[in-house]
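Keep the structure open while you read.

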Amino acid sequence: MLMLLGVGIIVVLGIIIFKYLDCDLTLLWNLKYGKQPNCLAGKVVWITGCSSGIGEGLAYEFASAGCRLVLSARRENLLKEVKQKCIEISTLTADDILVQPLDLLDFSSHPSVAETVIKYFKKVDILVNNAGRSQRGLIVETALEVDRQVFELDLLAPISVTKAILPYMIKQRQGHIMCTSSVAGKLGAPGSGTYSAAKHGIQGFFDTLRIECAPDNIGVTMACPGPVFSDALVHAFTSEPDKKLNVEMQKSWNRMTARRCAYLMVVAAANKLHEAWLTPNPELFYCYLFQYTPYIAKKIAVKLGQGRANKVKAGIANLH
Ligand SMILES: NC(=O)c1ccc[n+]([C@@H]2O[C@H](COP(=O)([O-])OP(=O)(O)OC[C@H]3O[C@@H](n4cnc5c(N)ncnc54)[C@H](OP(=O)(O)O)[C@@H]3O)[C@@H](O)[C@H]2O)c1
């Protein structure tokens, strides 16, 4: 009888954890007992891709924590609106926020943009490589030109921006780099093969950077969100070059809000976590499965992943 009760309690707890948990257990612990975002007050944070989605959420969360900001993306008008909202919700003044337009694909501009940022604030404490575009298309149908464009934006561009700011961080003997990777950077995502490859690429690059730059007091946090509400599916690459997916996310979809994702990322940065998984289930469960039992996980993925691949083939945008 007692044993049955015990099993019952474990099952109920399991269901609750499965339903309500939206980040990994290390981050969960830090949310409750770790450093809170306001420990970052006064830091200079440069965020790429903050004209919408997760990056916009990051701007508000870092602003609320009292950080001074550099806001970058291509659409300057939207960046100015984000700046205004940051001022409204925080104690920051206009001088505390630099709107710095940046086209990540204009690689030659990155060193001079970094120089401008340093001239303005004299330092950068945290760089958030957030900008990027998702991708939908089966590998066999996707043009090599699309693969090239995804790698340029989602892999090479964050590397380039990081290389532009790194010498300054090394000189100032401290710094932190955060990347918006993805759950697709931890496991193969059928129907988003090139995106998954690019995100696996940044995991490998920045995991190495963390080791190489530890003596310079530079840390790295890899944030791996699952599905998040944003404009990602409007702008996602498809199998054809220069054709966007153009799908608006529906409110009824099971996704995390961009603000919640951003808040979790800021807590991860405040605690200098090496990696954080920010996602509801089942993706969170997949992360644990792939991390700790890759053989079993990959066997299951071959079977269950067919459903996701078929959805992409059928043009269905809401994938889980
Ligand atoms: N949404 C999700 O479900 C999800 C899940 C996991 C990871 N992520 C990652 O989260 C990051 C942000 O995406 P999001 O979901 O927030 O999508 P989003 O709303 O479309 O935001 C993408 C941002 O990237 C910027 N960007 C795109 N191309 C750029 C370029 N060439 N130069 C400079 N900036 C550029 C966009 O600004 P401009 O157009 O103004 O330049 C925009 O601010 C991406 O790295 C994405 O891979 C998203």
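## Before we start

Helices here are DSSP runs of H or I with at least four residues, strands are runs of E with at least two, and both are numbered from the N terminus. An axis is a line fitted to C-alpha atoms, for helices over the stretch in contact, and angles run from 0 to 180 degrees between N-to-C directions.

This is a predicted model, so local features need pLDDT of at least 70 and side-chain atom pairs count only at pLDDT 80 or more, while totals for chains, interfaces and linings use all residues. Residues are numbered from 1 along each chain as its sequence is written, and side-chain values use heavy atoms, with hydrogens and water left out.

## Helix 3 meets helix 9

Two packed helices are described by the angle between their axes and the distance between the axes. For helix 3 (residues 53–64) and helix 9 (residues 258–270), the angle is about 55° and the axes are 8 Å apart. That makes the pair oblique; angles under 35 degrees count as roughly parallel, over 145 as roughly antiparallel, 65 to 115 as roughly perpendicular and the rest as oblique.

Who touches whom? Contact means heavy atoms within 4.5 Å. Helix 3 brings residues including Ile54, Leu58 and Phe62, and helix 9 brings others, among them Ala262, Tyr263 and Val266.

## Helix 10 meets helix 11

Now look at helix 10 (residues 283–292) and helix 11 (residues 294–313): their axes come within 5 Å and cross at roughly 125°. This pair is therefore oblique too. Leu289, Phe290, Gln291 and Tyr292 of helix 10 touch Pro294, Ala297, Lys298, Ile300 and Ala301 of helix 11.

## Around the ligand

A side-chain N or O atom of Ser51 sits 2.8 Å from a ligand oxygen. Ile54 has a backbone N or O atom 2.8 Å from an oxygen atom of the ligand, and a polar backbone atom of Val228 is 2.8 Å from a ligand oxygen.

Most residues other than glycine have a negative phi, and most peptide bonds are trans. Arg173, in the loop between helix 6 (144–172) and strand 5 (175–180), has a positive phi near 60°.

The peptide bond from Asn281 to Pro282 is cis, with omega near 10°. You'll find Pro282 in the loop between strand 7 (275–278) and helix 10.

Notes:
Polar contact = N/O pair within 3.5 Å; in protein donor to acceptor, adjacent residues only side chain to side chain.
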